[in-house]
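Hi everyone, thanks for making time today. I'd like to walk you through some side-chain pairings, so please have a look at the screen.

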Amino acid sequence: MEAREVIRGNLSDVRREVAEACRHVGRDPDSVKLVAVTKYADWEWVRHLATLHHSFGEARPQQLAERQPQLPDVEWHLIGQLQRNKVRIALQHAALIHSVDSLKLLERISTVAGDLKVHPSVLLEVNVSGEASKSGFSSSTLQTEWPQICRHAGAVNIAGLMTMAPASDDPENARPAFRGLRKLRDQLAAQPVSQSAGLQLPELSMGMSGDFAVAVEEGATLIRIGSRLFDGLCR
Ligand SMILES: *Cc1c(COP(=O)(O)O)cnc(C)c1O
C-alpha cells in the first residue's frame, strides 16, 4: 500500500478512537485537538499528512525551524525540551510551546517575546508522576511558584498544562497522572491570583500513541500522537 493510504487509514483510526473515548464520557470530539508528532517521520510522510491534517508537533526547535517554513499553512507546536538559547527560534516557528519546564525558561520567553513584540501561548510541563528521568515542574513546585509565575508571565499567555505519563503497556497505568494534571489545573485556575492575571488554563496536553483514549476520558484538549500515525511504514 502507498504511504499516503497507510497514513490516511491510521489517521482515521485515531480519530475514531478519540470520538469513542469522547462518547464514553460525554465530551464533544471537537474539544480534542490531535497534534501529529512528526519527529521520527520522513518529510514525504509529513507532506502526505499535511493534505489531511493541520496540527503538527516537533520535539526539537531546530527541526521545527526547518520544517515549519516549508509547510507554513499548517500549525506547528513545539512539544520537546527547550533550552533558553533556542527560545527565539521557538517563538519564530511555534504556534504553541507545550514544554515550559521552569520559571527561568518562562522569564526568558517573556523577555524574548517582548523583543519580538509577540504574544506567545505556552503550556507549563508538569512531572505529575515524579519520575526522576522526567523534566517539568513538580506539582508542589508549581503550586508554590504559581503567584510568581502569574506575575512573570507578562506578554506570555499561559494556556494550560502538559504532562507525559509513565511509559507502560497498560494505558490504565497512565490514568492517575492524567487525572492528577487535571486536578492541579483546577486548583491553580481557581486561585484569585490566576483570576486577576486572566489565566483560566483551558488546555490540557496529555496522551500519546499508547494512552490517548484514557487521556481524552480524563479531559485532554491536546493529544500528541506520533508512532500510531506512521504504523506500518518503514523508512
Ligand atoms: C515523541 C513524543 C510524543 C509522541 O509519542 P508517540 O508515542 O510516538 O505517540 C508525544 N509527546 C512528546 C513530548 C514526545 O516527545
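Let's begin with Glu75, which counts as partly exposed because its relative accessibility is 28%; buried means under 20% relative accessible area, exposed over 50%, and partly exposed in between, with a 1.4 Å probe and protein chains only. A word on the source: this is a predicted model, where local features need pLDDT of at least 70, side-chain atom pairs count only at pLDDT 80 or more, and totals for chains, interfaces and linings use all residues. Residues are numbered from 1 along each chain as its sequence is written, and side-chain values use heavy atoms, leaving out hydrogens and water.

Glu75 forms a salt bridge with Lys33, with the closest N and O atoms 2.6 Å apart. Strands here are DSSP runs of E, at least two residues, and helices are runs of H or I, at least four, numbered from the N terminus. For a salt bridge, a side-chain nitrogen of Lys or Arg lies within 4 Å of a carboxyl oxygen of Asp or Glu.

How many salt bridges does this rule give? The count comes to 12. Among them, Arg228 meets Glu17 at 2.9 Å, N to O. Arg228 sits in the segment after strand 8 and Glu17 in helix 1 (residues 3-25), so this pair ties together parts 211 residues apart in sequence.

There is also a network of salt bridges linking Glu172, Arg175, Arg179, Glu217 and Glu218.
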